[in-house]
Amino acid sequence: MSFFMTRGHFHARREQGEVYFGLRGSGLLLLQDERGEARLEFVTAGSVHLIPGHTAHRLINTGDYTLSALAVWPTIAGHDYEALSGGFAVRIKYDDAGWRVEKCHD
């Protein structure tokens, strides 16, 4: 099984944050700081997620239905996809026990 996910990114203007509002479905918000430290937050209908500046982020649909979220950020923030060309520090994998977190590299 593979997960549908957004293209993870930092903001070009690193100091700019973002807010996600969970609307429907369930999944994970993968966050990673510039030192490569990653963490996850559960996203569900009604959840609110504050993404601080200097933090890469990606939504991952781990549920059985479409994950929908409203994202709000300043238009000047821009996107920097190249900074994550090596990927995030962790990946979400699926096996018979469900989804799990797997470290990618040190």
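1. Gly 17 touches His 11, Ile 51, Pro 52, Gly 53, Trp 73 and Pro 74, leaving out residues up to four places away in sequence; contact here means heavy atoms within 4.5 Å. Gly 17 sits in the loop between S1 and S2. Its relative accessibility is 26%, so Gly 17 counts as partly exposed (buried is under 20% relative accessible area, exposed over 50%, partly exposed in between, with a 1.4 Å probe and protein chains only). Gly 17 and Leu 50 are 33 residues apart in sequence, while their C-alpha atoms are 7.6 Å apart in space.

2. A word on the basis of these notes. This is a predicted model, in which local features need pLDDT of at least 70 and side-chain atom pairs count only at pLDDT 80 or more, while totals for chains, interfaces and linings use all residues. Residues are numbered from 1 along each chain as its sequence is written, and side-chain values use heavy atoms, with hydrogens and water left out.

3. The UniProt record, an unreviewed entry, annotates residues 4-97 as "domain: Glucose-6-phosphate isomerase prokaryote". Positions from UniProt are given in the numbering used here, feature names are shortened, and annotations may be inferred rather than shown by experiment. Over residues 4-97 the chain is 0% helix and 49% strand, where helices (H or I, at least four residues) and strands (E, at least two) are DSSP runs numbered from the N terminus. The end C-alpha atoms of this stretch are 19 Å apart.

4. Which strands make up the three-stranded sheet, and in what order? The order is S5-S2-S7, in an open sheet with antiparallel pairing; two strands pair if DSSP finds at least two bridges between them. Strand S5 (48-51) and S7 are the edge strands, each pairing on one side only. From one strand to the next the twist averages 20 degrees (axes are lines fitted to C-alpha atoms, for helices over the stretch in contact, and angles run from 0 to 180 degrees between N-to-C directions).

5. Within that sheet, S2 and S5 run antiparallel and are joined by four bridges. Phe 21 has Val 48 in S5 as its bridge partner, and Glu 18 stands opposite Ile 51 in S5. Ile 51 is also among the residues that Gly 17 touches. S2 pairs with S7 over five bridges, again in the antiparallel sense, and here Tyr 20 stands opposite Ala 71 in S7.

6. An open sheet of four strands has the order S1-S6-S3-S4, with antiparallel pairing. S1 and strand S4 (38-44) stand at its edges with a single partner strand each, so one side of each has no neighbour in the sheet. S1 and strand S6 (residues 55-61) pair in the antiparallel sense over two bridges; in S6, Ile 60 is the bridge partner of Met 5.

7. Side chains of opposite charge can pair when their charged atoms come close. A search of the whole structure finds nine salt bridges, each a side-chain nitrogen of Lys or Arg within 4 Å of a carboxyl oxygen of Asp or Glu. One of them joins Arg 14 and Asp 80, whose closest N and O atoms are 3.0 Å apart. Arg 14 lies in the loop between strand S1 (4-5) and strand S2 (18-24), and Asp 80 in the loop between strand S7 (68-72) and strand S8 (90-95), so this pair ties together parts that are 66 residues apart in sequence.

8. Is Asp 33 buried or exposed? Asp 33 counts as buried because its relative accessibility is 19%. Asp 33 belongs to strand S3 (residues 26-33) and forms a salt bridge with Arg 35, the closest N and O atoms being 2.9 Å apart. Arg 35, at 66% relative accessibility, counts as exposed. Apart from neighbours within four places in sequence, Asp 33 is in contact with Phe 10 and His 54.

9. Lys 93, Asp 95, Arg 100 and Glu 102 are linked in a network of salt bridges. Within this group, the closest N and O atoms of Lys 93 and Glu 102 are 3.8 Å apart. Lys 93 is partly exposed, with a relative accessible area of 31%, and Glu 102 is partly exposed at 29%.
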